[in-house]
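Subject: Structure handover

Hello,

Here is the structure I said I would pass on. My notes on it follow below.

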Amino acid sequence: MTQKNSKIIYTAIDEAPALATFSLLPIIRAYTHGCGIEVETKDISLAGRILANFPDQLKEDQKVPDYLSELGALSLKPEANIIKLPNISASIPQLKAAIAELQEQGYKIPDYPEDPKTDAEKEIKNRYAKVLGSAVNPVLREGNSDRRAPLSVKNYAKKNPKTVPMKPWSKDSKSHVSHMEAGDFYGTEKSITIEKDTTTKIEFISNDGTSTILKDNLKLIQGEVLDSSVLSAASLRKFFQEQIEDAKSKGVLFSLHLKATMMKMSDPVIFGHAVTTFFPELFDKHKETFQELGINPNNGLGDVYNKITKLPDSKKNEIETDIQNIYKNRPKIAMVDSDKGITNLHVPNDIIIDASMPVVIRDGGRMYDTEGKLADTKAVIPDRCYAGIYQVVIEDCQKNGAFDPTTMGTVPNVGLMAQQAEEYGSHDKTFIAKGNGKIVITDLSGKVLLEQKVEKDDIFRACQTKDAPVKDWVKLAYNRAKATGSPAIFWLDSKRAHDAEIIKKVNLYLKDFDTKGLEIKILPPEEAMKLSLERIRAGKDTISVTGNVLRDYLTDLFPILEIGTSAKMLSIVPLMNGGGLFETGAGGSAPKHVQQFQSEGYLRWDSLGEFSALGASLEHLATNFNNPKAQVLADSLDAAIGKFLDNDKSPARKVGEIDNRGSHFYLALYWAQALAAQSKDKELQDKFIKISKELEVNEEKINQELIGSQGKPVDLGGYYHVDAKKTSTAMRPSPTFNSIIDAMAKN
């Protein structure tokens, strides 16, 4: 494919990576200027998504296009080239905070109705539902994931193990994972492969015969895998009670690990059951008061603290005293922020399993207690589908000690995620049972495809996995195994109903390839983890080939153990229709980075993930659009990243040291030097000989200007919806550097 100008879409998102974009994007535009490349931004931030859903509530100059839908349509086209930075997968507390901020800024959007009564309120809640949780990823991920640590980053970690802060493990560690043994999604799952295109409905039929349609007109296509499963509320609460008692008897911290952002319908409810099981006396004694205040345990203990501020001091103090008295009779609880008294049960989005469990393992199986000290931990992960993989890692570390980043191998991932594959696409098919009965999925002829018995408050979930993404996933796994020579392991459990159907497809589609000389096998997740850990300790590489949830979990776990962070990962998504989506890593620590920048003008967000994604995006343009200049830019950027790492120009941690803005300057300097040194493109060489000299001559002055801007509070004009002019000024504080970059974009 060729065209005069090819386009990179650079997404505008949230928090620290959004701030970094104000500094980095002008550099990208300047360096690609005149190379047949356009760089355009599309706002898919939480605030942007909210505003796009309420055009009827806004003035003309306040309206925001629905950029997410635009990008979704683009992802289906071969010309797609999208760099996606990490965005907020909003929980209800985050959504409400963003709404409040936008309202303060003059946007007349409605409040979020937690318990809608009227049709109008229900319609508003449905609009906000489009924004909650992982609203972005299912729309853009029209391809499967190829996610790995760039070789330069991996080599840097091996040479600089202090950048991977692994704490020692005690042989006497009492840390462990606890999960349900029955009544969970794993145990109740049923799965079928659809034989021909059909339309279905999901229906609740109560024991008295009353029928309620939960979802109508659910279209299924031939070859698609359809699952249903139920998590028993009674079994869940019994499980939580047992784990609370066990944690106290063992003297370990109680901690809960869920995915309340991506699993936005089921996991907040599970979280709420944990909160009310941990504090039953509180919710019983103050039931009427909490109902009047609209307190929702699914939003965590933080919802209690936030809403009791409306009460008279005497009542507020009584509730706070009751909470503290309950703590005295419970096990110690893991803390998110010991200094502020924020516990593991405070807010559902504070403890996200894929980010929290790797840190538990990195910290010697421990979490922080109320005194700010690390202590052994019971990690409570209710559903069995994936909980066991973390127990395998814990047992390995208890036996063999912490991993050694200087010698360990790597575990890249090929992840099945295209077209909302598997559990993360289940939001619109997750329901809380309103009574005792059954939930059935039937086709238009009345044939029952799947049926589940339910009791009141049980969580029902149905999931879809289309055939085409599975076929593409198998091909991608084969290609990676062939390209690297590493073993490829499909993490699939034949005892799990869904996995059994997927295994049939994997075995079928592997026949399309000549696998002679390649090691490709299928293992249950726990066995796959054991083998991968054996190999990683021996310095060997192993490709993990996983479904959508394990893709998410493993691509945080292994990078955090190997290179200290998942934010530096290279994530390439070859879109199924020929385009490319290039993701830039995780943003889990982004909130603290923003808070530090606001308070002292220092941003320690590391943009290495953005650098790697840009390189892959440029390579994609070079190949797909026959643009040799893009290849020169990509090759030179790769050389610059290597020099950037060797010279340790990543952000440090405190005022007076290099921060995100300084790291961008050094990338620009090294990229210019690499372009000046290459000889494949004389025009670019001549241009960047001049630019590199300007940057070299002004290096000291630019550094003084950048570091001199630190140490003062910064007004961004918002958190979820920043003021662009104020933020640009804060993120580009060097007049000397700005003049060089801005002049490039004009010539």
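Which residue in E24 is the bridge partner of Lys84? The partner is Glu583. Please keep in mind that this is a predicted model. The notes are grouped by region.

The Lys84 bridge belongs to the pairing of strand E3 (residues 81-84) with strand E24 (residues 580-583), which is parallel and runs over 4 bridges. Both strands sit in an open sheet of 10 strands with mixed pairing, in the order E2-E1-E3-E24-E23-E4-E15-E22-E20-E21. Its edge strands are E2 (37-43) and E21 (520-523), each of which pairs on one side only. From one strand to the next, the twist averages 20 degrees.

Two helices that pack on this sheet are worth noting. Helix H19 (residues 525-537) touches strand E20 (488-491) and E21, and its direction makes about 150 degrees with that of E20. Helix H20 (residues 548-562) touches strand E4 (145-148), strand E15 (413-415), E20 and strand E22 (543-546). The direction of H20 makes about 145 degrees with that of E22.

Asn144

Asn144 lies in the loop between helix H6 (137-140) and E4. Its relative accessible area is 0%, so Asn144 is buried. Two polar partners can be named for its side chain. One is the backbone oxygen of Pro469, reached at 2.9 Å; another is the side chain of Asp472, joined to that of Asn144 by a polar contact of 3.0 Å. Leaving aside residues up to four places away in sequence, Asn144 touches Gly415, Leu416, Met417, Ala418, Pro469, Asp472, Trp473, Leu476, Ile572, Val573 and Pro574.

Strand E19 (residues 459-465) has 7 of its 7 residues buried, so the strand is largely enclosed by the rest of the structure. Ile459, Arg461, Cys463 and Thr465 point one way from E19, while Phe460, Ala462 and Gln464 point the other way; all of them are buried.

E19 pairs with strand E9 (residues 225-231) in the antiparallel sense, over 7 bridges. In this pairing Val225 stands opposite Thr465. Strand E16 (residues 430-432) also pairs with E19 in the antiparallel sense, over 3 bridges, and the partner of Phe431 in E19 is Phe460.

Ser228 is found in strand E9. Its relative accessibility is 1%, so Ser228 counts as buried. Not counting residues up to four places away in sequence, the residues that Ser228 touches include Phe460, Arg461 and Ala462, which belong to E19. Ser228 and Leu253 are 25 residues apart along the chain, and their C-alpha atoms are separated by 34 Å.

Helices H1 and H21

Two packed helices are described by the angle between their axes and the distance between the axes. For helix H1 (residues 15-32) and helix H21 (residues 590-600), the angle is about 55 degrees and the axes are 6 Å apart. The two helices are therefore oblique to each other. On the H1 side the contact is made by Glu15, Ala16, Pro17 and Leu19, and on the H21 side by Ala590, Pro591, His593, Val594 and Phe597. By class, the contact has 7 nonpolar, 1 polar and 1 charged residues.

Regards

Conventions: Residues are numbered from 1 along each chain as its sequence is written. This is a predicted model: local features need pLDDT of at least 70, side-chain atom pairs count only at pLDDT 80 or more; totals for chains, interfaces and linings use all residues. Side-chain values use heavy atoms; hydrogens and water are left out. Axes are lines fitted to C-alpha atoms, for helices over the stretch in contact, and angles run from 0 to 180 degrees between N-to-C directions. Angles under 35 degrees count as roughly parallel, over 145 as roughly antiparallel, 65 to 115 as roughly perpendicular and the rest as oblique. Contact means heavy atoms within 4.5 Å. Ala, Val, Leu, Ile, Met, Phe, Trp, Tyr, Cys and Pro count as nonpolar, Asp, Glu, Lys and Arg as charged, and the others, Gly among them, as polar. Buried means under 20% relative accessible area, exposed over 50%, partly exposed in between (1.4 Å probe, protein chains only). Two strands pair if DSSP finds at least two bridges between them. A polar contact is a pair of N or O atoms within 3.5 Å; within protein, one must be able to donate a hydrogen and the other to accept it, and residues adjacent in sequence count only if both atoms are side-chain atoms.
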